[in-house]
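This report describes a metal site and a set of aromatic contacts.

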Amino acid sequence: MIIYKTEKQKELIRESCKIVNDAIAEVAKVIKPGMTTMQLNDIAEKYILSQNAIPSFKNYNGFPYACCISVNDAVVHGFPTDVLIKNGDVISVDVGAYKNGYHGDSAYTFAVGTISEEVKKLLKVTKESLYLGIHKAVNGNRVGDIAAAIQEFTERQNGYGVVRELVGHGLGSNLHEDPQVPNYGKRGTGTKLKSGLVIAIEPMVNMGTKDVYNDKDGWTIRTSDGKPAAHYEHTIYVDKNKADILSSFESIEIAEKGNSYLCSDY
Ligand code: MG
Ligand code: MG
């Protein structure tokens, strides 16, 4: 069942998204080789709590941490760990925050230090595919139009693998609501999009094969060929001519550019 949101609810979701994005920006300011992803998790969690919000992921279906932090071959749902971050790591940070009865959900992928042109292209293409998907999220289109736009660009035009097992989703007072929003599919199929629908669009794109497996921790999703993956996510509100993007990468991108340990020229 789809729960459409009012203008007022939309603004509350935007407020939660801002907390999410600023929490990821706090991470972007300090991330460097020699730190651990557990330290990054703690920084984001502390920020969320300081905004009188609750980390959406902590204890969600038993997930033990505030953030999903997925390094290199980990695609999504990674556990923060005490492993030291090193030059060349590709680190996706996925965060949710709950405030005033509504969740916000967003994710961003960082590259630490010197990375290959190949990895730069993966990040660039994945981020671009997110906006191509968002561009289709307007009244009268269907979920399949978003999915096809992402798949066309990442798989057909760039030869990457789009993860099938995990998808974007509706959200609001629940972290996951209907409809599911896959990153692959056929144009003109699926749920019809209508003003008031709030969805998280989140392409998960593998440099190599689309195939993934579940790590023995029961959560972390990894690429079957061990190659890196990228993941970007926005929460958006479907509207007439243009989707309203409720999350924003602005504070994250400023922090990314300002942190000399992060690669930002991709
Ligand atoms: Mg997320
Ligand atoms: Mg999500």
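In sequence, the residues that donate to the magnesium ion (ligand 1) follow the spacing D-x10-D-x127-E. The ion is coordinated by Asp94 (OD), Asp94 (OD), Asp105 (OD) and Glu233 (OE), at 2.0 to 2.7 Å; donors are N, O and S atoms within 2.8 Å of the metal (3.2 Å for Na, K and Ca), and sites may look incomplete since water is not among the atoms. Asp105 lies in strand E5 (residues 102-111) and Glu233 in the loop between strands E13 (229-231) and E14 (234-237), so the pair ties together parts that are 128 residues apart in sequence. Strands (E, at least two residues) and helices (H or I, at least four) are DSSP runs, numbered from the N terminus. Asp105 also bridges ligand 1 and the magnesium ion (ligand 2), which lie 3.2 Å apart.

The model is predicted: local features need pLDDT of at least 70 and side-chain atom pairs 80 or more, whereas totals for chains, interfaces and linings use all residues. Residues are numbered from 1 along each chain as its sequence is written, chains are lettered from A and ligands numbered from 1 in the order in which they are written, and side-chain values use heavy atoms, without hydrogens and water.

A search of the whole structure finds 9 aromatic pairs, that is, Phe, Tyr or Trp (six-membered) rings with centres within 6.5 Å; planes under 30 degrees apart count as stacked, over 60 as edge-to-face and the rest as tilted. Two of the pairs are tabulated.

| Pair | Centre distance | Plane angle | Class |
|---|---|---|---|
| Tyr108 and Phe110 | 5.0 Å | 45° | tilted |
| Tyr131 and Phe249 | 6.4 Å | 90° | edge-to-face |

Tyr108, Phe110, Tyr131, Tyr232 and Phe249 form one aromatic cluster.
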